[in-house]
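This report covers selected local features of one protein chain. Please have the sequence and the 3D view open while reading.

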Amino acid sequence: EYNNSFNKGLNVSITKDLRWKRVDIKSLNLLAPVLAKEAAYKKDCQESWLIDDDNFITEGSSSNAWIYCDETLITRPISNSILNGITRSTLIRGLKKRKIRYKEAAFNLNDIKKADEAFITSATQHVMPVVMVDNIKIGNGIPGPRAIDFRSAYMESLKLTEI
């Protein structure tokens, strides 16, 4: 199923981020992300990206959010608004090793509309392409050409950390 999802890409919905303001502290307060994931499934989506009071994407309900725009992979900077995922950190190490341009910056729906590709990272799905965000088609609506590069960068970095 992983390869099928990777080849097809995921649909993501946008949901208001209702979590308390110290998301970086892992706790048992999972009600808001569970409700966001449930709302996504009801919209025929596999994930939900959470949007803050300033209309920026914080992260996914069970993942970190990424867009690829202007030949740069972009994800939200580390702050108390996101949980710094291990998969996120591992991908960043892989990007650095391969000298792939990335930056940590906030992004919103307008940025998503301009994105060539989009992704989630999570412990269960590694690096997974996103092809639709709230009825905004990403690129051609299929996983883009960089998806394999980013997944490979992650897998190489993962192998280095297992040693």
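Asp 70 is exposed, at 63% relative accessibility; buried means under 20% relative accessible area, exposed over 50%, and partly exposed in between (1.4 Å probe, protein chains only). Asp 70 sits in the loop between β4 (64-69) and β5. Helices (H or I, at least four residues) and strands (E, at least two) are DSSP runs, numbered from the N terminus. The phi angle of Asp 70 is near 50°, a positive value in a residue other than glycine. The loop between β4 and β5 also holds Glu 71, whose phi is near 60° and likewise positive in a non-glycine residue. Glu 71 is exposed, with a relative accessible area of 58%. Most residues other than glycine have a negative phi.

The model is predicted, so local features need pLDDT of at least 70 and side-chain atom pairs count only at pLDDT 80 or more, while totals for chains, interfaces and linings use all residues. Residues are numbered from 1 along each chain as its sequence is written, and side-chain values use heavy atoms, with hydrogens and water left out.

## Salt bridges

How many salt bridges does the structure hold? There are seven, a salt bridge being a side-chain nitrogen of Lys or Arg within 4 Å of a carboxyl oxygen of Asp or Glu. Side chains of opposite charge can pair when their charged atoms come close.

One of the salt bridges joins the side chains of Lys 16 and Asp 53, at 3.1 Å from N to O. This pair links distant parts of the chain, with Lys 16 in strand β1 (residues 10-16) and Asp 53 in the loop between β2 and β3, 37 residues apart. Lys 16 is partly exposed, at a relative accessible area of 38%, whereas Asp 53 is exposed, at 55%.

Asp 149 is partly exposed at 27% relative accessibility, and Arg 146 is partly exposed with a relative accessible area of 22%.

Asp 52 is located in the loop between β2 (47-51) and β3 (57-60). Is Asp 52 buried or exposed? Asp 52 is buried, with a relative accessible area of 13%. Arg 76 forms a salt bridge with Asp 52, and the closest N and O atoms are 3.2 Å apart. Arg 76 lies in the loop between β5 (72-75) and α3 (86-98) and Asp 52 in the loop between β2 and β3, so the pair ties together parts that are 24 residues apart in sequence. Arg 76 is also buried, with a relative accessible area of 11%.

The side chains of Asp 52 and Arg 76 are joined by a polar contact of 3.2 Å. A polar contact is a pair of N or O atoms within 3.5 Å; within protein, one must be able to donate a hydrogen and the other to accept it, and residues adjacent in sequence count only if both atoms are side-chain atoms. Not counting residues up to four places away in sequence, Asp 52 touches Lys 16, Asp 17, Thr 58 and Arg 76, where contact means heavy atoms within 4.5 Å.

## Arg 88 in helix α3

Helix α3 contains Arg 88. Arg 88 is buried, with a relative accessible area of 2%. Leaving aside neighbours within four places in sequence, Arg 88 is in contact with Asn 64, Trp 66, Thr 75, Arg 76, Pro 77, Ile 78, Ile 82, Glu 104 and Thr 121. Arg 88 and Trp 66 are 22 residues apart in sequence and 9.6 Å apart in space, C-alpha to C-alpha.

## The cavity

The structure holds one cavity of 30 Å³ or more. A cavity is a set of points, on a 1 Å grid over the protein atoms alone, where a 1.4 Å probe fits but cannot get out; lining residues have an atom within 4 Å of a point. About 40 Å³ of space lies in the largest cavity, with grid points joined across faces, edges and corners and the volume taken as the space filled by probe spheres set on the points.

The lining of the largest cavity includes Phe 119, Val 130, Ile 138 and Gly 144. β7 (117-122) and β8 (126-133) are the elements that give two or more residues to this lining. The lining residues divide into eight nonpolar, one polar and two charged. Ala, Val, Leu, Ile, Met, Phe, Trp, Tyr, Cys and Pro count as nonpolar, Asp, Glu, Lys and Arg as charged, and the others, Gly among them, as polar.

Conventions. 1 Å grid on protein atoms, 1.4 Å probe; cavity = no way out; pocket = protein on both sides within 12 Å on 5 of 7 lines; lining within 4 Å.
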